[in-house]
Amino acid sequence: MSEKNNRENYTHVDDLNEQTFKNLVPYTSDMKTTEKFLYATLDMILRYLAEMNEHDSPVIKNGLRTPDEYRQMFTFKIDDQGIDLYDILSNCERILETTVRSGHPRFINQLSQGVDIISLVGEIITSSINANMFTYEVAPVFNLMEESVLAHMRQYCGWSNGNLVPDSGDGVLAPGGAISNLYAVLAARHYAFPEIKVSGFRNSLRPAMIITKHCHYSMKRAAVLLGIGTDYVYEVDPDDSGRISAQKLEEKILFCQQSKLAVFFVGITAGTTVLGAFDPIEEIASVCHKYQIWLHVDGAWGGSALLSPKTKHLLRGIEKADSFTWNPHKLMSVHLQCSAILLRHGNVLMRANQMLAPYLFQPDKHYEISLDTGDKTIQCGRHIDIFKLWLAWKARGNQGYAEHIESLLENANFFYTIICQRQPYFRTVMKPPFINICFWYIPPSLQSGDPTSLQYKQRLDTIAPRIKERMMTNGTMMVGYQRLDDHPNFFRAIISNPATTKEDIVSMIDEIHELGHDL
């Protein structure tokens, strides 16, 4: 399909026709074309943001299309000759027209939602600077900014004396919670078995990990990446509320010890992905301390509960953990990607990862070389994620973020209340421990069925996927679904976008009923 046949009517940019990337900075010092191109792009983004925040507008314009339809809409193939700037804008416009609008108030499909303008500005400036976080000399202000903000986050964990002393713990921003969890397992392995860094695994060493059954899959994948092996990852079953008990954890530790395994890592969750459950950190920390095992808390989702006095009790005992994953790109509305791995122990990441590459980390630099963070990370090049987080936090302050969390929780409780009022067509899986609302839609055809029968469960299992298919075809809203343990497919609504209103919530519940009543 020719790009020329699909041009949008851009105002005042007709003269970008036949102009190419060579008419832009840095290929020319004349800013005229660059300014026109960037202003046109900004205008396009502003129109996208305005339309996305119209609550009755679609989440996906014209619904989700087939792969073949998208291939016909875009020329994905890279040709020998480039296209002009007008066609570049045309492609950008088409992307914004066809994308899933994850910032839409009625997109409640994922843990990461919304568009935060302050964070967006931070990302635009970060990309404009295009620096690298690996050394102080390349990104001095950003490295100091990250050091300060991570110390502030550790203070929420109870790991700081209040003076934000840089060496009171450790941490780094990572590209997502999965990588933060990988850092945690790596740090724990080095803390227990530092010789592995040089000598690898010896035949007599049999390290093992214990995690919760409902934890994020990245915990188990970390065992694969670090050579532990999934056979040596042992899971603890949760109770009906989605939490594990300290007693069951201790039983699993003793089982591993009897099997001559060296348990070096226990991974629990503060806000599980599906149910939003919080494992009892304080009780589990006592068990880990008893057996001298590293305790990691994955708070990628629920870590932001620390920001509010009304919810921080959910993480009681966090000060006793050894490491903590916390994703600002989830409940803090910071743009993807922005995840923090925080450690109570100083210098573990450096000892575990340091390679002393002489072309980057020279020991005779004229500044304090501990400011070069690149040698303690598993990456070399590292994107500047700190600026958007710092700007967002500076804009709101601690109090603003406390109010933000409380507002989201209020909306989640409202969603739960409406679902309970809509029985018998809606039934909750459990009372939500946090912001996740899990529920079934029960169509009229199942109202007289026996919920304990296999036939009923098999039919109910098909309802959420069929409603989701219709929902995606219409494009008006998005909510996720999944199976869990013995539960048939159920919906999981996530209210983490401050743009979502109570009116949106009622409309979405109404639509689920409309889409599913004839199934």
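Colleague: Which residue in strand 12 stands opposite I437?

Modeller: Happy to start there, with a note that this is a predicted model, in which local features need pLDDT of at least 70, side-chain atom pairs count only at pLDDT 80 or more, and totals for chains, interfaces and linings use all residues. Residues are numbered from 1 along each chain as its sequence is written, and side-chain values use heavy atoms, with hydrogens and water left out. Strands here are DSSP runs of E with at least two residues, and helices are runs of H or I with at least four, numbered from the N terminus. The residue opposite I437 is A493.

Colleague: In which sense do strand 10 and strand 12 pair?

Modeller: Two strands pair if DSSP finds at least two bridges between them. Strand 10 covers residues 436–441 and strand 12 covers residues 487–494. They are joined over 4 bridges, and the sense is antiparallel.

Colleague: Which strands stand at the edges of that sheet?

Modeller: The sheet is open and mixed, with 5 strands in the order 1-11-12-10-9. Each edge strand has a single partner strand, so one side of each is left without a neighbour in the sheet. The edges are strand 1 and strand 9 (426–428).

Colleague: Nice. How far apart in sequence are the parts that D504 and R106 tie together?

Modeller: A salt bridge here is a side-chain nitrogen of Lys or Arg within 4 Å of a carboxyl oxygen of Asp or Glu. D504 and R106 form one, with their closest N and O atoms 2.8 Å apart. D504 lies in helix 14 (residues 502–516) and R106 in the loop between helix 3 and strand 1 (107–108), so the parts they tie together are separated in sequence by 398 residues.

Colleague: Is R71 buried or exposed?

Modeller: R71 forms a salt bridge with D68, the closest N and O atoms being 3.0 Å apart. Both lie in helix 2 (residues 67–73), 3 residues apart, about one turn of the helix. Buried means under 20% relative accessible area, exposed over 50%, and partly exposed in between (1.4 Å probe, protein chains only). At 51% relative accessibility, R71 is exposed.

Colleague: How many disulfides does the count come to?

Modeller: A disulfide is a pair of cysteine sulfur atoms within 2.5 Å. For C215, the nearest cysteine sulfur is that of C288, 14 Å away. For C420, it is that of C438, 13 Å away. By this rule the count is 0.

Colleague: And the largest pocket: which helix gives the most to its lining?

Modeller: On a 1 Å grid over the protein atoms alone, a pocket is an open set of points where a 1.4 Å probe fits, with protein on both sides within 12 Å along at least five of seven lines, and lining residues have an atom within 4 Å of a point. The lining holds 32 residues, with I45, L120, E123, I124 and H335 nearest the centre. Helix 1 (32–52), helix 3 (85–98) and helix 4 (117–129) each supply at least two of the lining residues. With 10 residues, the one that gives the most is helix 1.
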